[in-house]
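The following exercises concern one protein model.

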Amino acid sequence: MRDAACLLDVDADVVEWSCLPRPLADGGRTYVVDLAVTRASGRELVAVAERPENFSAPGWAQEAAAERGAVLRIVPAADLAGDRLENSRELLRYAKWRVSLSQRIVLLAALDQEGSLSLIECMSAVRNAADPIGAVAALALRRFVEIDLDSGPLGPETRVTRFRG
């Protein structure tokens, strides 16, 4: 479940999420979900499945989710692994990092002028920060900029663009 939460924190479509929402119930039956997610496109309840026999939910659980105005989605834990997860973990180390207004403005102005920059170019733009990578990561987590998390491990050539939501 922790891996799924890491991915939700960097998903631009996620408005908010919470863990361990109220279980789905139907009479004496209950189905425990791991996460409640609100996306721009709607609500979903997510269960992270560790074993293949748990890759589907009973029909009554799907109906109970629909009654709450949500879609029930089962995510195999193995599907969470990859570059996006590792890169998300790297960024989340900087979740409490503070970026000065001047650093933010300098980086956003550079991105407006160039369209996109490499991560190393972004770090140069905010070189006066105590930790330039921390500044860029914090701005990505606060959705001022977007970092390409899917093209491999984060590196100097990783592309950064202005967040367009």
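**Exercise 1.** Determine which elements supply at least two residues each to the lining of the second largest pocket, and describe this pocket.

*Solution.* Step 1. Helix H1 (2-9), strand E4 (35-39) and strand E6 (70-76) each contribute at least two lining residues. Helices (H or I, at least four residues) and strands (E, at least two) are DSSP runs, numbered from the N terminus. The model is predicted: local features need pLDDT of at least 70 and side-chain atom pairs count only at pLDDT 80 or more, while totals for chains, interfaces and linings use all residues. Residues are numbered from 1 along each chain as its sequence is written, and side-chain values use heavy atoms, with hydrogens and water left out.

Step 1. H1 gives the largest share of this lining, 3 residues. The lining includes Ala-4, Leu-7, Leu-8 and Arg-84.

Step 2. By residue class, the lining holds 7 nonpolar, no polar and 4 charged residues. Here Ala, Val, Leu, Ile, Met, Phe, Trp, Tyr, Cys and Pro count as nonpolar, Asp, Glu, Lys and Arg as charged, and the others, Gly among them, as polar.

Step 3. The volume of the second largest pocket is about 150 Å³. On a 1 Å grid over the protein atoms alone, a pocket is an open set of points where a 1.4 Å probe fits, with protein on both sides within 12 Å along at least five of seven lines; lining residues have an atom within 4 Å of a point. Grid points are joined across faces, edges and corners, and a volume is the space filled by probe spheres set on the points.

**Exercise 2.** State the volume of the largest pocket and identify the residues closest to its centre.

*Solution.* Step 1. The largest pocket holds about 270 Å³ of space. Among its 19 lining residues, Val-10, Arg-84, Glu-146, Ile-147 and Leu-149 are the closest to the centre.

Step 1. Helix H3 (83-92), helix H6 (132-141), strand E8 (145-147) and strand E9 (159-162) each provide at least two residues of the lining. The lining is made up of 10 nonpolar, 1 polar and 8 charged residues.

**Exercise 3.** Which residues of H1 are buried, and what covers them?

*Solution.* Step 1. Buried means under 20% relative accessible area, exposed over 50%, and partly exposed in between (1.4 Å probe, protein chains only). In H1, Ala-4, Ala-5, Cys-6, Leu-7 and Leu-8 are buried.

Step 1. Their cover includes strand E1 (14-19), E4, strand E5 (42-49) and H3. In the protein, 40% of the 165 residues are buried.

**Exercise 4.** Where are Leu-20 and Arg-143 found, and what is the phi of Leu-20 and of Arg-143?

*Solution.* Step 1. Most residues other than glycine have a negative phi. Leu-20, however, has a positive phi of about 50 degrees, and Arg-143 has a positive phi near 65 degrees.

Step 1. Leu-20 lies in the loop between E1 and strand E2 (24-26), and is exposed at 54% relative accessibility. Arg-143 lies in the loop between H6 and E8, and is partly exposed at 26%.

**Exercise 5.** How many aromatic pairs does the whole structure contain?

*Solution.* Step 1. Rings of Phe, Tyr and Trp (its six-membered ring) pair if their centres lie within 6.5 Å; planes under 30 degrees apart count as stacked, over 60 as edge-to-face and the rest as tilted. The search finds 1 aromatic pair.

Step 1. The ring centres of Tyr-94 and Trp-97 are 6.2 Å apart and their planes stand at 80 degrees, so the pair is edge-to-face. Trp-97 is partly exposed, at 28% relative accessible area.

Key:
Contact means heavy atoms within 4.5 Å.
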